Amino acid sequence: MKALFKLSTFLLLLISNYNSIAQNRVTDTSATCIAFWKNGEHRVLQITRGKEKYDSAKLKSKTSVTYEAHIKIIDSTVNSFTIEWVYKNFRSSDVNEQSLVGVNTIMEGLKILYKTDDVGSFSELLNWKEVRDFAFSTIEQAISSKQENNTITDALNQVKAMFQSKENIEAVLIREIQLYHSPYGVEYGIMGEIIETELPNITGGAPFPAKITKKLNELNLKNDYCNVSLNQTIDKEKAGPIIVDLLKRLAGSSRKDAEVNKKDIDGMEISDTNEFVYSISSGWLSRIFYKRTANISDTKQIETYEIIEKK
């Protein structure tokens with residue numbers, strides 16, 4: 001069961017992996033989310049994040065955090081945008097909520113610098129070492145306050161070991177930024193489209209096979225409004241052996257914790273629901289709703305984000 005606890009935590013760290021291919025900007029039946037930002041433009045986002053944990057269908061905990069992201073276009077070229085993202089005004093429903101998967105929500109005042117391509121899709125984190133060092137400090141504080149719980153301490157240490165590369169920091173520690181830029185450069189059609197993809201495995205194992213459904217939900221040219229969705233599910237049949245391998249590595253020397261049966265795999269659910277609303281003329285997003293469901297054995301975790309542009 002310890003390994004299953006760690007597994008459900010790691011699965012919440014999986015990032016969405018959408019292909020950025022800008023095609024037609026807009027037709028009667030399709031639209032591509034493209035950024036037309038200008039140097040010096042800025043926005044303030046209100047972010048609400050919620051987490052629920054269930055054991056045998058019973059709600060065990062429910063927490064939420066609210067904070068702001070202040071974003072500014074500090075450079076614009078033909079090929080890219082450079083953006084400054086700063087977290088402010090963090091408020092939590094639980095003053096003790098410092099779980100590892102929420103470490104990026106308590107980066108109060110940290111300035112994050114990154115680049116996107118010409119259509120607004122995320123390219124790279126520029127000051128990744130600064131972000132890493134801040135995360136290390138936060139994790140060490142969390143470990144020192146939870147020494148009585150060996151399972152949590154061990155999980156924290158394992159994830160800290162993963163924060164040694166730029167790629168993993170981009171995958172885990174700036175999840176809101178990755179989420180914000182995920183719809184850009186993607187063409188959405190009114191009929192919808194299912195594509196196969198792979199999610200990076202930050203533990204170093206094989207990537208997780210997944211399927212993405214992208215769809216244009218509503219297009220209103222008169223009101224400069226577009227609503228699109230990107231929904232993602234793990235391919236359980238193909239991902240089963242990868243999950244078993246991950247469980248064994250998380251369990252370490254404990255053979256009992258590594259045990260997993262076909263029922264656990266068949267009952268596994270790892271799915272994302274994403275909805276984005278944006279301005280066709282500017283490309284700025286006005287609302288994002290994200291929900292991830294990770295159901296492993298009798299353990300279920302639901303994580304949500306709602307990001308709204310503050311006027």
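**Notebook: contacts, cores and strands in a predicted model**

Entry 1. I started with I112. Leaving aside neighbours within four places in sequence, I112 is in contact (heavy atoms within 4.5 Å) with I83, E84, W85, Y87, L125, N127, V131, I174 and I177. I note that this is a predicted model, in which local features need pLDDT of at least 70 and side-chain atom pairs count only at pLDDT 80 or more, while totals for chains, interfaces and linings use all residues. Residues are numbered from 1 along each chain as its sequence is written, and side-chain values use heavy atoms, with hydrogens and water left out.

Entry 2. I looked up which core I112 belongs to. A nonpolar core is a set of buried Ala, Val, Leu, Ile, Met, Phe, Trp, Tyr and Cys residues joined through side-chain atoms within 4.5 Å. Buried means under 20% relative accessible area, exposed means over 50%, and partly exposed lies in between (1.4 Å probe, protein chains only). The largest core has 52 residues, and I112 is listed with W85, L125 and Y180 as having the most contacts inside it. Strand 3 (residues 58–76) gives the most to this core, with 5 residues. A second, separate core has 10 residues, including L199, F208, I234 and M268.

Entry 3. Helices (H or I, at least four residues) and strands (E, at least two) are DSSP runs, numbered from the N terminus. Strand 5 covers residues 111–117, and its side chains alternate.

Entry 4. Which strands pair with strand 5? Two strands pair if DSSP finds at least two bridges between them. Strand 4 (residues 80–92) runs antiparallel to strand 5, with 7 bridges. Here F81 stands opposite T116. Strand 6 (residues 122–125) is also antiparallel to strand 5, joined by 3 bridges. On that side K115 stands opposite E124. The hairpin of strand 5 and strand 6 has 4 residues between the strands, and G120 takes a positive phi near 105 degrees there.

Entry 5. I followed G120 to S182. The two are 62 residues apart along the chain, and their C-alpha atoms are separated by 8.8 Å. S182 is found in the loop between helix 5 (175–181) and strand 7 (187–189). S182 has a relative accessible area of 11%, so S182 is buried.

Entry 6. I looked for disulfides. A disulfide is a covalent bond between the sulfur atoms of two cysteines. The rule used here asks for a pair of cysteine sulfur atoms within 2.5 Å, and the count comes to 0.

Entry 7. Strand 10 covers residues 225–234; 7 of its 10 residues are buried, so strand 10 is largely enclosed by the rest of the structure. Strand 9 (residues 208–220) pairs with strand 10 in the antiparallel sense over 10 bridges. E218 has N227 of strand 10 as its bridge partner. D224, in the hairpin of these two strands, takes a positive phi near 55 degrees. Strand 11 (residues 269–278) is antiparallel to strand 10 over 6 bridges, and C226 stands opposite Y278 of strand 11.

Entry 8. I checked F289, in strand 12 (residues 285–296). Is F289 buried or partly exposed? At 26% relative accessibility, F289 counts as partly exposed. Beyond four places in sequence, F289 is in contact with T273, N274, E275, T304, Y305 and E306. F289 and S229 are 60 residues apart in sequence and 9.4 Å apart in space, C-alpha to C-alpha.

Entry 9. I ended with the whole protein. There are 8 helices and 13 strands, and buried residues make up 51% of the 311 residues. The average pLDDT (the predictor's confidence in each residue, from 0 to 100) is 81, and 74% of the residues score at least 70. The value stays under 50 over residues 1–5, and it is below 50 over residues 100–105. Where pLDDT is low, the predicted coordinates should not be read in detail.
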